Amino acid sequence: RGSCLAGRAGQRQPLPHVRRVHRTLPTRRFALRAQQFICRATMTTTRRYVLIGSGVAAVAAAQAIREQDAQGEILCISDDPAGYYSRPGLAYYLTGEVGEKQLFPLSAEEFRYLGIQRLHAQVVKIDPQSHQLSLHNQQVIPYDRLLIATGAQAVRLHNPGTDLPGM
């Protein structure tokens with residue numbers, strides 16, 4: 001743990017960045033997967049992780065990335081104006097069981113502490129060949145790693161009253 005993946009091809013070394021996996025892989029095979037040399041102690045390349053979405057999957061992924069890569073740039077892009085909030089908690093908020101503050105498990109300060117940047121935008125195109133995505137405002141965002149964590153969309157009810165304002 002904590003050592004770099006150095007040595008001759010085929011030499012077995014522990015994977016320092018995977019703490020929960022207790023097995024080894026040949027260095028050559030790992031290097032082919034990563035496509036670059038990785039060493040925490042001497043990492044000079046800052047990776048840019050772009051997460052599309054602002055739900056629990058995106059935030060959990062951002063926290064896991066931060067645990068493994070303290071220097072990487074993490075950008076969460078979402079067109080949801082409220083950002084990350086407890087979607088299941090909305091039912092409890094509507095019944096008055098929880099307050100509005102409890103809908104937001106992480107504050108803006110906690111996002112800054114974790115080094116997670118948030119961008120309110122809509123992704124309109126992903127170009128995996130050039131590792132770039134385009135936003136609705138024509139801005140182009142390059143990335144090293146991309147996660148699409150947009151979640152699901154609720155099925156609209158077609159009951160009387162669902163078309164009223166505020167519903």
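Q: Before we start, what makes a patch here?
A: Patches are made of residues with over 30% relative accessible area and no salt bridge, and nonpolar side chains are joined within 5 Å. Keep in mind that this is a predicted model.

Q: Good to know. Which residues form a nonpolar patch on the surface?
A: That would be L90, Y93 and L94, which together have about 300 Å² of accessible area.

Q: Where does L94 lie, and is L94 buried or exposed?
A: L94 lies in helix 3, which covers residues 89-94. L94 is exposed, because its relative accessible area is 71% and the cut-off for exposed is over 50%.

Q: Switching to the sheet, what is the strand order?
A: The order is 5-4-3-9, in an open sheet of four strands with parallel pairing.

Q: And which strands stand at the edges?
A: Strand 5 (116-120) and strand 9 (145-148) do. Each has a single partner strand, so one side of each is left without a neighbour in the sheet. From one strand to the next, the twist averages 20°.

Q: How many bridges are there between strand 3 and strand 9?
A: Four, with strand 3 (residues 48-52) and strand 9 pairing in the parallel sense. One detail to look at there is L51, whose bridge partner in strand 9 is L147.

Q: Nice. Which helix packs on that sheet?
A: Helix 2, residues 56-68, touches strand 3, strand 4 (73-78), strand 5 and strand 9. The direction of helix 2 makes about 165° with that of strand 3.

Q: How many bridges join strand 3 to strand 4?
A: Five, and the two strands run parallel. Within strand 4, L75 stands opposite V50.

Q: Why is strand 4 largely enclosed by the rest of the structure?
A: Because five of the six residues of strand 4 are buried.

Q: Now for backbone angles. What is the phi of H131?
A: H131 has a positive phi of about 55°, although H131 is not a glycine. Most residues other than glycine have a negative phi.

Q: Where does H131 lie?
A: In the loop between strand 6 (123-127) and strand 7 (132-135). H131 counts as partly exposed, at 35% relative accessibility.

Q: What about the phi of Q138?
A: The phi of Q138 is near 75°, again a positive value in a residue other than glycine. Q138 lies in the loop between strand 7 and strand 8 (140-142).

Q: Is Q138 buried or exposed?
A: Q138 is exposed, with a relative accessible area of 68%.

Terms used: Residues are numbered from 1 along each chain as its sequence is written. This is a predicted model: local features need pLDDT of at least 70, side-chain atom pairs count only at pLDDT 80 or more; totals for chains, interfaces and linings use all residues. Side-chain values use heavy atoms; hydrogens and water are left out. Patches are made of residues with over 30% relative accessible area and no salt bridge: like charges are joined within 9 Å, nonpolar side chains (Val, Leu, Ile, Met, Phe, Trp, Tyr) within 5 Å. Accessible areas come from the Shrake-Rupley method with a 1.4 Å probe; for residues, only the protein chains shown count as cover. A salt bridge is a side-chain nitrogen of Lys or Arg within 4 Å of a carboxyl oxygen of Asp or Glu. Buried means under 20% relative accessible area, exposed over 50%, partly exposed in between (1.4 Å probe, protein chains only). Two strands pair if DSSP finds at least two bridges between them. Axes are lines fitted to C-alpha atoms, for helices over the stretch in contact, and angles run from 0 to 180 degrees between N-to-C directions. Contact means heavy atoms within 4.5 Å.
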